[in-house]
Amino acid sequence: MKNAIITGATGFIGVHLINELLSNDYYVTAIVRPNSHNINRLPANKRLTVIELDANDLNLLPCKVKDDQYEIFYHLSWEGVRAPYRDDKLLQLDNYYNAIKAMQTANILKCNVFVGSGSQAEYGRCTGKITEEYIPNPITEYGKAKLKSYYSLNNLAKENNIKFIWTRIFSVYGRYDFEGTLVMSALKKLIRGEDLQLTECKQSWDFIHVKDVARAMYMLGTSECEAGIYNIASGNSKQLKDYVLDMKKITNSSSKLEFGAIKYGSEGVVSFEPVVDKLRNNLDWICQVSFEDGILDLLQYL
């Protein structure tokens with residue numbers, strides 16, 4: 001049987017990754033926090049097993065699973081991804097130690113592949129094109145903990161002969177997204193016809209639909225691609241203003257867009273232009289969900 005374990009299973013990306021794995025005939029063991037409010041997001045499927053376990057107790061997982069060998073371990077669980085928790089040093093350090101526990105558990109369960117979820121935050125303040133060779137310089141405790149996890153997990157994987165994939169994920173949108181993101185908050189106002197106060201939105205940005213992220217992570221975990229870091233993004237950056245104008249057009253909204261009404265923060269204009277050539281060349285992967293189709297799907301969900 002094809003077996004995979006996934007932590008952070010009821011999270012935004014986790015749910016879509018589970019659906020991708022199940023649709024490809026995998027047996028999935030989903031690790032969810034006890035009394036999770038989002039457990040209803042998980043599909044009813046005879047090949048899905050749900051285990052309630054706190055992230056701090058991942059070392060106890062081998063005692064709770066039925067099988068003693070799994071092919072892939074996906075570690076998506078991570079607390080405090082939003083402000084102000086992104087700069088909670090102790091919380092982010094806990095996330096780091098839990099990532100170590102995840103790799104150690106993957107080794108006990110004889111996993112051949114470990115896929116971890118990193119972030120664009122590892123790169124820090126960027127200019128120009130961002131390849132996987134871009135020198136990371138994180139400015140938040142969240143980004144620092146992600147980068148520290150990458151280095152430690154990479155070493156552990158080499159020691160235990162586990163193939164290690166580290167995904168650096170850029171701006172994701174789609175069903176189950178956090179309500180405070182630009183896409184989600186803007187869409188709700190556009191639907192209601194409320195005016196939007198925005199920065200000048202001159203920065204370059206890259207949005208990718210969560211289904212395309214899930215498919216990329218599935219392919220990275222199950223293919224014969226080389227180990228290492230992979231950017232996950234659409235690879236088609238454009239001005240943030242253009243994305244907002246697209247959403248207004250798609251919703252046919254009467255909302256007034258007040259560009260420049262909000263000043264940029266102390267960091268100034270932060271742009272992202274991720275390059276995904278490595279992902280495309282190793283997997284023959286391309287985005288399948290256009291921004292327009294992704295927004296239409298979100299409107300259905302909302």
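These legends describe several close-up views of a predicted model.

**View 1. Tyr123 and Tyr134 form an aromatic pair.** The model has 19 aromatic pairs. In this one, the ring centres lie 5.9 Å apart. The ring planes stand at 85°, so the pair is edge-to-face. Tyr123 sits in the loop between β5 (113-119) and β6 (129-130). Tyr134 sits in the loop between β6 and α3 (141-159). The pair therefore ties together parts that are 11 residues apart in sequence. Tyr123 is buried, at 0% relative accessibility. Tyr134 is partly exposed, with a relative accessible area of 22%.

**View 2. Arg168 lies over the rings of Tyr123 and Tyr150.** Over the face of Tyr123, Arg168 is 5.0 Å from the ring centre. Over Tyr150, the charged end of Arg168 is 5.6 Å from the centre of the ring. Tyr123 also belongs to the edge-to-face pair with Tyr134. Tyr150 belongs to the cluster of the next view.

**View 3. Ring pairs build an aromatic cluster.** Its members are Phe73, Phe114, Tyr150, Tyr151, Phe164 and Trp166. Tyr150 is one of the rings that Arg168 sits over.

**View 4. Asp297 is a buried residue in helix α8.** The helix covers residues 291-301. Asp297 has a relative accessible area of 17%. This value is under 20%, so Asp297 counts as buried. Which residues does Asp297 contact, leaving aside its neighbours within four places in sequence? They are Arg175 and His209.

**View 5. A cis peptide bond joins Ala83 to Pro84.** Omega is near 0° at this bond. Pro84 lies in the loop between β4 (72-75) and α2 (89-108).

**View 6. Asp25 and Cys201 have positive phi angles.** Asp25 is not a glycine, yet its phi is about 70°. Asp25 is in the loop between α1 (12-23) and β2 (27-32). Cys201 is not a glycine either, and its phi is about 55°. The loop that holds Cys201 runs between β9 (196-198) and β10 (204-205). Is Cys201 buried or exposed? Cys201 is buried, with a relative accessible area of 2%.

**View 7. Leu90, Leu93 and Tyr97 make a nonpolar surface patch.** The patch has an area of about 310 Å². Leu90 is in helix α2. At 65% relative accessibility, this leucine is exposed.

**View 8. Lys188 and Glu179 meet in a salt bridge.** Side chains of opposite charge can pair when their charged atoms come close. The structure holds 11 salt bridges. Between Lys188 and Glu179, the distance from N to O is 3.4 Å. Lys188 is partly exposed, at 23% relative accessibility. Glu179 is exposed, at 54%.

**View 9. Glu200 and Lys202 are joined by a salt bridge.** Their side chains meet at 3.6 Å, N to O. Glu200 is partly exposed, with a relative accessible area of 36%.

**View 10. Lys238 and Asp246 form a salt bridge.** What is the N to O distance between the side chains of Lys238 and Asp246? It is 2.6 Å. Lys238 is partly exposed, at 28% relative accessibility. Asp246 is partly exposed too, at 26%.

Key: Residues are numbered from 1 along each chain as its sequence is written. This is a predicted model: local features need pLDDT of at least 70, side-chain atom pairs count only at pLDDT 80 or more; totals for chains, interfaces and linings use all residues. Side-chain values use heavy atoms; hydrogens and water are left out. Rings of Phe, Tyr and Trp (its six-membered ring) pair if their centres lie within 6.5 Å; planes under 30 degrees apart count as stacked, over 60 as edge-to-face and the rest as tilted. Helices (H or I, at least four residues) and strands (E, at least two) are DSSP runs, numbered from the N terminus. Buried means under 20% relative accessible area, exposed over 50%, partly exposed in between (1.4 Å probe, protein chains only). A charge sits over a ring if NZ of Lys or CZ of Arg is within 6 Å of the ring centre and within 35 degrees of the ring normal. Contact means heavy atoms within 4.5 Å. Patches are made of residues with over 30% relative accessible area and no salt bridge: like charges are joined within 9 Å, nonpolar side chains (Val, Leu, Ile, Met, Phe, Trp, Tyr) within 5 Å. Accessible areas come from the Shrake-Rupley method with a 1.4 Å probe; for residues, only the protein chains shown count as cover. A salt bridge is a side-chain nitrogen of Lys or Arg within 4 Å of a carboxyl oxygen of Asp or Glu.
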